[in-house]
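Dear colleague,

I am handing over the structure we spoke about, and I would be grateful if you could look through it alongside the notes below.

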Amino acid sequence: MPITDPPLSPAMLDRLVLRWRRNAPSVGTGPHQRRRQGHSLEFREYRAYQRGEDIRGVDWRASARQPRRGDLLLRSFEAEQQMTLAIVIDNRPEMALPETMPRLLYALWAMRALVMLALDKGDEVLLARLFAGPGEALVTLRGADGGARARDWAEVIWAGRLIPDPPAGFADLRRIADKLRPAGAAVVLSDMLFDDPGQQFVQFARQVQTRRRSLSVLQLDSVQHEIALLRRAAEFRLIRPDQHESDDLQQFDEAAFRTATDAVAAHTARLRQSARAGGLDWPLDPVAWPLPEPEDSFQAGTERLKSCFAQDFPRLPLLANLSFGGRE
């Protein structure tokens, strides 16, 4: 079984599919603004006829029962409107950490579970890398073969973590926003600890939130998990941003790591504020990793991560908060 298969039972997936469908309101904003007034086989309601409207929509029998003669009732129907869901994966090498419980693996599980839910409802799905690297930059999924294509794309992204050369800068994020329908939403799966000196991500985030679309962020936080690993090791070597490993052993320093934790919180707060444009769903509480256990190996760690995912994912606000209503 591919390692990127989401660790959710068929029964849980069925319940999530039903929940995803129930969350689709008939009118207004909400998880899927899928229905609009139009002509279809699904009756919506009667309303008063207004001069200039198509007279073929009048229900003459219902109108004849009106108290006042001449009052006409118009049949109102609902028509389906397809949604586009764009799922953007942070594929930096750092997402392959912690080594025994990789953030990238959790992100790929979430991506594939969301694909299953969206395709089951008939939505279009876009898969995209956040940064340059292996795998197609943008994949469009529709219909019965979409799940298999998502699996293959996820496996390529997962294998790409082993390539020694790190991704060089952001992918072309404008293509994602350009392909989103007005009834569309984007989801970013990331630890959100990347630098954005050219404001490329911020510009993308704000563009997505136009035309009544939305941006949801599923932030993956393993900071305390990794600090606990270093505390347990007592001595370690740091890897610099240029992938160069320090020559000298570093001593664990509680004060230094408290400062680092504060810096991480400040960074994400600034990024959240900069990205906000009327349609942002980025909860203050990220998905937090459990503290490490002494016997954690990759196999044991991923089993713990699977258990966490199976508990966390069905309760994520993301499943209820995919909404529309960004700036026009």
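What follows is an account of what was found in the structure, beginning with the chain as a whole and moving on to single residues.

Please keep in mind throughout that this is a predicted model. The chain has 328 residues, of which 45% are buried, and its secondary structure comes to 10 helices and 12 strands. Among the contacts between residues at least 6 apart in sequence, 76% join residues that are at least 24 apart.

A search of the whole structure for cavities of 30 Å³ or more finds 1, and about 40 Å³ of space lies in this largest cavity. Its lining is made up of A128, R129, A137, L138, A171, D172, R175 and I176, with strand β5 (124-129) and helix α5 (173-179) being the elements that give two or more residues to it. By residue class, the lining divides into 5 nonpolar and 3 charged residues, with no polar ones.

Helix α6, which spans residues 200-208, has F201, V202, F204, A205 and V208 as its buried residues. These cover an arc of only 160° around the axis, and they therefore lie on the same side of α6. The elements against which the buried residues of α6 pack are β4 (84-89), α5, β7 (184-190), β8 (214-221) and α8 (254-275).

Two residues that may be read together are S190 and M192. S190 lies in strand β7 and counts as buried because its relative accessibility is 0%, while M192 is found in the loop between β7 and α6 and is likewise buried, with a relative accessible area of 0%. A polar atom of the S190 side chain lies 2.8 Å from the backbone nitrogen of M192. Leaving aside residues up to four places away in sequence, S190 touches D90, R92, M95, L218, Q219 and L220. As for the backbone, M192 has a positive phi of about 65°, although it is not a glycine.

A positive phi, in this case of about 70°, is also found at A234, which is not a glycine either. A234 belongs to the loop between α7 (223-233) and β9, and with a relative accessible area of 36% it is partly exposed. A further backbone feature to check is the peptide bond from L97 to P98, which is cis, with omega near -10°; P98 is found in the loop between β4 and α3 (103-120).

D248 is placed in the loop between β9 (235-236) and β10 (250-251), and it counts as exposed because its relative accessibility is 55%. Setting aside residues up to four places away in sequence, D248 touches F236 and R237; the C-alpha atoms of D248 and F236, which are 12 residues apart along the chain, are separated by 8.5 Å. Q299, in helix α9 (residues 298-312), is exposed with a relative accessible area of 61%. Although Q299 and T100 are 199 residues apart in sequence, they are 7.3 Å apart in space, C-alpha to C-alpha.

With best wishes

Terms used
Residues are numbered from 1 along each chain as its sequence is written. This is a predicted model: local features need pLDDT of at least 70, side-chain atom pairs count only at pLDDT 80 or more; totals for chains, interfaces and linings use all residues. Side-chain values use heavy atoms; hydrogens and water are left out. On a 1 Å grid over the protein atoms alone, a cavity is a set of points where a 1.4 Å probe fits but cannot get out, and a pocket is an open set with protein on both sides within 12 Å along at least five of seven lines; lining residues have an atom within 4 Å of a point. Grid points are joined across faces, edges and corners, and a volume is the space filled by probe spheres set on the points. Helices (H or I, at least four residues) and strands (E, at least two) are DSSP runs, numbered from the N terminus. Ala, Val, Leu, Ile, Met, Phe, Trp, Tyr, Cys and Pro count as nonpolar, Asp, Glu, Lys and Arg as charged, and the others, Gly among them, as polar. Buried means under 20% relative accessible area, exposed over 50%, partly exposed in between (1.4 Å probe, protein chains only). The arc is that of the directions from the helix axis to the C-beta atoms. Contact means heavy atoms within 4.5 Å. A polar contact is a pair of N or O atoms within 3.5 Å; within protein, one must be able to donate a hydrogen and the other to accept it, and residues adjacent in sequence count only if both atoms are side-chain atoms.
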